[in-house]
Amino acid sequence: MPTTPPSALTGHDLTLTDIVSVARARPGAARPVLAPAAAEKMAASVALKEDWLARGIPLYGITTGFGDSVAHQISADRAAALQRNLVTYHLNGTGPTAAPEVARAVQLIRANCLGRGPSAIRPAVVDTLLRHLAADILPLIPERGSLGASGDLVPLCYLAYALLGEGEVLHRGRVRPAAEALAEEGIEPVVLSAKEGLALINGTAFTSAFAVLAAHDAAELATAADIATALAVEALRGNASHFHPFLHRQKPHGGQLTSAAAVRALLDGSELATDYQGILDRQERLGDRGFLTHEHRIQDPYSLRCAPHVTGVLRDTLDWVRPWLETEVNSSTDNPLFDTEEGVLHHGGNFYAGHVGQAMDSLKTAVANTADLLDRQLALVVDPKYSRGLPPNLIAPATGTDAHAGLHHGFKGMQIAASALTAEALKTAAPASLFSRSTEAHNQDKVSMGTIAARDARTVVELARDVTAIHLLAVAQAVELRGLRKASPTLQKVHGLIREHAPFTDRDRRMDGDITAVAGLVRDGSLRRAAGLPEPFAAR
């Protein structure tokens, strides 16, 4: 993964790779600043706002109440107090606290969106937000409480509250009062001006943070699934010709072509995988009986034969999800917005996270289907009725004895766990965006549920990654039982990496630590690099 974070935020060119780099960088390593041009645009909208305030013009959320309270106008000298109240009354999040990587992504995305200019927030406020990021002062944000419209009001209030020097924060890995952390870093708390509380919280940064990280990890997962499939083909003495370029050129979906080519390349040089032409070359005569039982099957079950058609869907989904997310994180997602060229204030709904919600509902479906694919492959590998000579549950009997029979059960429990994780992933893939609720006296009467969809996508990716790890452990065991030297040279390298973190299983033992270790190899790209495959989420 790239380690160079973005240096200057313009509001227009932040990439998903930038966000992941900052979110997962060493604490304090990310020090982006506002680009001068962005600061100028922000200052221009602030000046227009101040002019309108001085003229007593009613401005939504600035000199009026919020939502159905819009009819109530207040004086300009009370506008700052209104902003603080807005932040305070939304501090009602529940559930687990978002991970530090999510908090860092939120800080970066919100700063970038505000840097576009029309939100009428002072550059100094966003500068302070970026100083929090550089000092690794992270808001403690509860995960639950956002409808994904009007933006992530509840989660982003915790970001705003930290800027005020209120509540608690995570500072360099330690939870402490925000005021203490700011004082130690020499950062002054923000005093909100008119519109600034609304500008900070009325956006989609929390939703987008989960979405970006989920999409990045799903891209690594797609590659890991291709590696796992190649190992499963070797483990089951499967037919490599299912991945022949001719086949996939006849149905040329881009992701399918990529996955098929990856599996084919990974199997290059394998003595374990079979090939249709090779089967024909060994063809025996039927003889007088009129039938013949072949040693090798000319067609494998769907979970092998159709693997590129499943992981290809995930790859193609990511191809359209990515530009949607990059548009979102480079947008002005609050309301209202000031057009400084025309001198006009516009009220609208850019805080609505519908594109992110739809993207995440689609992504989590594709990821859950990939988990199901690998779970079905695993079921074949551990079952002697289908594994073509492998021992039951991949636990080999002691040499020359049946001492293991009935005493050791190998990967039996691992397959159960994989099926449970897969079932949870499939359940969680239900579309959150369909569950709109009407709130705020029917002012917010159609909402995106994008935040829930993005959090669900994160969960489905985590579940699928654990399924992949279990699968990889099982097929590494199976290939070793078949004879590792017969595996393709590339897959021998992959096997070696797995064995650095998880030993061969010759008797029943605890394996949850193995799952965690191998899942980590998938998440950080180590598995992909061992296979010599390209980074799927590199900057374009």
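## The largest cavity

The largest cavity has a volume of about 50 Å³. The model is predicted. A search of the whole structure turns up two cavities of 30 Å³ or more.

Which residues line the largest cavity? The lining consists of Leu236, Arg297, Asp300, Pro301, Leu304, Leu380, Tyr386 and Arg388. By class, five of these lining residues are nonpolar and three are charged. No polar residue takes part in this lining.

## The second largest cavity

The second largest cavity holds about 30 Å³ of space. Its lining includes the run Val22, Ala25, Arg26, Pro27, Gly28, Ala29 and Ala30. Arg104 and Leu133 also line this second largest cavity.

Six residues of the lining are nonpolar, one is polar and two are charged.

## Helices H9 and H15

Helix H9 spans residues 205–235, and helix H15 spans residues 354–382. Their axes come within 10 Å and cross at roughly 20 degrees. H9 is therefore roughly parallel to H15, because angles under 35 degrees fall in that class. The crossing of the two helices is left-handed.

What does H9 bring to the contact? On the H9 side are Thr207, Ser208, Ala211, Ala214, Ala215, Ala218, Leu221, Ala225, Ala228, Thr229, Ala232 and Ala235. They meet Val356, Met360, Leu363, Val367, Thr370, Leu373, Leu374, Gln377 and Val381 in H15. The contact has 16 nonpolar and five polar residues.

## Helices H1 and H4

Helix H1 covers residues 16–23, and helix H4 covers residues 100–114. The two pack at an angle of about 130 degrees. Their axes lie 8 Å apart. That angle makes H1 oblique to H4. H1 passes H4 in a right-handed crossing.

From H1, the contact uses Asp18, Ile19, Val22 and Ala23. From H4, it uses Glu101, Arg104, Ala105, Leu108 and Ile109. Six residues of this contact are nonpolar and three are charged, with no polar residue.

Terms used:
Residues numbered from 1 in each chain as written. Predicted model: local features only at pLDDT ≥ 70, side-chain atom pairs only at ≥ 80, totals over all residues. Heavy atoms only, no water. 1 Å grid on protein atoms, 1.4 Å probe; cavity = no way out; pocket = protein on both sides within 12 Å on 5 of 7 lines; lining within 4 Å. Points joined across faces, edges and corners; volume = space filled by probe spheres on them. Nonpolar A, V, L, I, M, F, W, Y, C, P; charged D, E, K, R; others polar. Axes fitted to C-alpha atoms, helices over the stretch in contact; angles between N-to-C directions. Helix = DSSP H or I, 4+ residues; strand = E, 2+ residues; numbered from the N terminus. Parallel < 35°, antiparallel > 145°, perpendicular 65-115°, else oblique. Left-handed = near helix turned anticlockwise from the far one by under 90°. Contact = heavy atoms within 4.5 Å.
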